[in-house]
Amino acid sequence: SPTSLSYLGPSVLQRLQQTNRLGTYDSMQIWEHDGPAQLHFGGEDLNEAVKSGRLVDLHSLLEANNGQHQQQSSRRPWLGSVVEDAPLVSAVWDELRNDERIDLIDNVQITSISA
């Protein structure tokens, strides 16, 4: 979902997108196995939620990280994306390694935690 993707942050999303490991979709059709019923969802269904601030505009999130800006009305919001697991985990680890606020410590066993 757009909200789940936004939690990854713009640099992780941008890296996945640049390496073609982020397959976004802005429409979806669901149909009944043995009947005539079907549902169709489109990115335009999310426009009001994006405009009101209830949903993150992922296009703007990525563009702000790039220093770009495109008019929102010309794009359909993403409904979601498909992401390969290994590149996703790698991108998140790289983000953690590059964050100066985080010290990663390996080969250590925690024996106790006290306040």
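User: Hi! Before we start, what is left out of the side-chain values?
Analyst: Hydrogens and water are left out, so to speak only heavy atoms count there, and residues are numbered from 1 along each chain as its sequence is written. As this is a predicted model, local features need pLDDT of at least 70 and side-chain atom pairs count only at pLDDT 80 or more, while totals for chains, interfaces and linings use all residues.

User: Thanks. Where is serine 81, and is it buried or exposed?
Analyst: Serine 81 sits in strand 4, residues 80-83 (strands are DSSP runs of E, at least two residues; helices are H or I, at least four; both are numbered from the N terminus). Serine 81 is buried, with a relative accessible area of 18% (buried means under 20%, exposed over 50%, partly exposed in between, with a 1.4 Å probe and protein chains only).

User: Which residues is serine 81 in contact with?
Analyst: Beyond neighbours within four places in sequence, they are Leu5, Leu22, Gly23, Thr24 and Tyr25 (contact means heavy atoms within 4.5 Å).

User: New topic: which residues of helix 2 are buried?
Analyst: In helix 2, residues 10-18, they are Val12, Leu13, Gln14 and Leu16. Just after helix 2, asparagine 20 has a positive phi of about 55°.

User: And what does helix 2 meet in helix 5?
Analyst: Ser11, Val12, Arg15 and Leu16 of helix 2 meet Pro87, Leu88, Ser90, Ala91, Val92, Asp94 and Glu95 of helix 5.
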